There are 2 protein chains.
Amino acid sequence: MNSIEVARLAGVSRSTVSRVINNYANVPNETREKVMKVIQQYNYFPNVSAQVLAGKRARTIGLFLIAPGHVSSDILTNMLIVSVIEHASACGYYVLTHIIRDAKDTETVKNVKEIFFQRRIDGGIFIGAANHEPFIEELVAEGFIVGVVDQEHPEIPQSNRIVANFNNDSGMKQAVAYLAGLGHTRIGVINGDMNRLSGPTKYEGFLKAMQLCGLQVNRDWVLEGSFHEESGYEAIHTFLRIQGERPTAIIAANDSVAFGAIRALKEHGLQVPEHISVIGFDDHALSEKHHPALTTIRVDFSDMLKQLTTILIAKIEKPSSDIREITLDCCLVIRESCRRV
Amino acid sequence: MNSIEVARLAGVSRSTVSRVINNYANVPNETREKVMKVIQQYNYFPNVSAQVLAGKRARTIGLFLIAPGHVSSDILTNMLIVSVIEHASACGYYVLTHIIRDAKDTETVKNVKEIFFQRRIDGGIFIGAANHEPFIEELVAEGFIVGVVDQEHPEIPQSNRIVANFNNDSGMKQAVAYLAGLGHTRIGVINGDMNRLSGPTKYEGFLKAMQLCGLQVNRDWVLEGSFHEESGYEAIHTFLRIQGERPTAIIAANDSVAFGAIRALKEHGLQVPEHISVIGFDDHALSEKHHPALTTIRVDFSDMLKQLTTILIAKIEKPSSDIREITLDCCLVIRESCRRV
DNA sequence: CTGAAAGCGCTTACAG
DNA sequence: CTGAAAGCGCTTACAG
């Protein structure tokens, strides 16, 4: 079944069939209905490759998740994927999902670029990439429409790059202020991946917030991490082996890190929040059910991706020179992992 | 950049460029290298729409997840998606993921069919569909290559339908035998969705296993459910409101249902396993961390989807009349939610 | 309002 | 070993 067949059966030309499919105004109702009847009756759907080749959009966007080898098959990831798919679907777009295990692997990078150059997709969203990831820069430079989460706009912003971030600064401020309000003065931090934008911004936010509250930062209590449960566990584990003064509260770069940290603390006989307070970031789906229920800074990934997807598709449909940037606020959620000292 | 440009720059015809791209044997090394150099230098990737239109495959498969409205954004779902994507990727295929909220909605169904008819994908995998779901039957009848999880092969099996299932019968037998071995004689069950194949097969497996162990089935202890946490909670909640004799052990249709059941039991002051034993099915990622750690029947979804994806792609690349069916075994994992009576 | 025709960028028999 | 040409199934100026 193709448009020629439909045309023959409806007694019109392919041009007219095409006009009906594409909702041209200059088709009389009678003709339109005649054609539609055949289309419905024969279950005809235009071949998408032919449409794309003739200049239409693929109506497909790419979703690229950069997930390191030791992937935590995380509830969050699932939510991100589903958010993008559902919002794209609401705009009539399909999503080609792709997982990037190693953004440094040449073969992998080639595959990702291929997807754009082959014109499989009209644009793409990248989640979890390093700030200034070179191959993403290349794609932007090539003019492809790209949405990125957790990266900064470069000096000279481009209109085909859409940037989405949380207000990490304000989040950290809320966390520190809350702890300070509970009487904590000795506050430590477990950092995230410093190659991603949110790593350094959260840390800088922490430093600024500490200063604002008139609190000293103890460099021994600034621990390295990488946004994973394991890294929170390792950070605390290593830290506790060395004897020395301990903080009364710890801010983790995200909730997964907080889970790992609490696990390590428990193993060392330290109860949360009795012996030490812990605060996370994200409000992961498990944080509420965690023991103790995790106090954290809530962030709305679903809303972010909804906005990002919508703007991406809008850009695809109507390229404009607007520079688009999304910044979402976050807010403190008080549960049971912090106590007054 | 297109094949004409490449041809011009390499000083050959488009035919030759195409032969190089498609690895034809009859191209001398010298010519091949000349062309490859231009391709590499100019970052040329053939337009996929043109290739598909000319008869090549899209190298894309569809992944359709039927997830009810009140979706549990589940760790399992994430694992399923990632499994399919990674195994498809290993075969050089892309995955178009699509979420079906309501398989009874005409518009939704039309969209799914469209994806096949438009030739966006070379085949598709359906997870979570009802047994004999009509629109999947239609797609199979149209000759599309389809992989389904948790459905039965019809009377007259088709070679373009690949069926993947777990050996639920054996799983239930293991669960009942284990409980019987612990001295339980009063065993209840919370069923799954009876519209899906695994719903009735698990229940039938339960009945058979009970008979095999010489145990009586008490109809009051056969509770309705639907594979969701909430349904396990509801089932137990409703059941406990009615006074009467209680079972000493309950088998849940899956781990999510078991979680819900345990939550409800706790609320009624019944501890697991002290007052009642509970056994799940699946070995969900959270089961090990659950309190109490859940005894369950382990099932390997990742392996199943790896096999299904591989066979689907093999069928796409080389259609054959073989009837393909996958059945994976499951095995008991003993943890802490069951005790001897 | 509608049709004939060019063009999108490939692949692949066909001929040499 | 290689090129010219037909064909895949659409869309869209162009002409009427």
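**Protein–protein and protein–DNA contacts in the predicted model**

Leu96(A) has Leu96(B), in strand β2(B), as its bridge partner. The model is predicted, so that local features require pLDDT of at least 70 and side-chain atom pairs count only at pLDDT 80 or more, whereas totals for chains, interfaces and linings use all residues. Residues are numbered from 1 along each chain as its sequence is written, chains are lettered from A and ligands numbered from 1 in the order in which they are written, and side-chain values use heavy atoms, with hydrogens and water left out.

The pair Leu96(A) and Leu96(B) belongs to an antiparallel arrangement in which β2 of chain A (residues 94–100) is joined to β2(B) by 3 bridges. Strands are taken as paired if DSSP finds at least two bridges between them; helices (H or I, at least four residues) and strands (E, at least two) are DSSP runs numbered from the N terminus.

The contact between the two chains (heavy atoms within 4.5 Å) draws 39 residues from chain B and 39 residues from chain A. About 3800 Å² is buried between chain B and chain A, 60% of it given by carbon and sulfur atoms; buried area denotes the accessible area (1.4 Å probe) that two parts lose on being put together, summed over both. Phe45(B), Tyr94(B) and Arg120(B) account for 20% of the area that chain B buries against chain A, more than any other three residues.

Between chain B and chain A, 2 salt bridges are counted, a salt bridge being a side-chain nitrogen of Lys or Arg within 4 Å of a carboxyl oxygen of Asp or Glu. One salt bridge links Glu86(A) to Arg101(B), with the closest N and O atoms 2.7 Å apart. On chain B, the side that touches chain A receives at least two residues from each of α4, α5 (75–90), β2 (94–100) and α6 (106–117). The greatest contribution to this side of chain B comes from α5(B), with 8 residues. Its composition by class is 18 nonpolar, 12 polar and 9 charged residues, where Ala, Val, Leu, Ile, Met, Phe, Trp, Tyr, Cys and Pro count as nonpolar, Asp, Glu, Lys and Arg as charged, and the others, Gly among them, as polar.

DNA strand C is surrounded by 26 residues, the closest being Arg19(A), Ser3(B), Arg14(B), Ser18(B) and Tyr24(B); a residue is near a strand if one of its heavy atoms lies within 4 Å of it. Sugar or phosphate accounts for 59% of the atoms of DNA strand C within 4 Å of the protein, and bases for the rest. Polar contacts (pairs of N or O atoms within 3.5 Å) include a separation of 2.2 Å between an N or O atom in the side chain of Arg14(B) and a base nitrogen of DNA strand C. For Ser18(B), a side-chain N or O atom is 2.4 Å from a phosphate oxygen of DNA strand C.

A polar backbone atom of Ser3(A) is 2.6 Å from a phosphate oxygen of DNA strand D, and a backbone N or O atom of Ala50(A) lies 3.3 Å from a base nitrogen of DNA strand D. Here α2(A) provides the largest share of the nearby surface, 4 residues.

Note on methods
A polar contact is a pair of N or O atoms within 3.5 Å; within protein, one must be able to donate a hydrogen and the other to accept it, and residues adjacent in sequence count only if both atoms are side-chain atoms.
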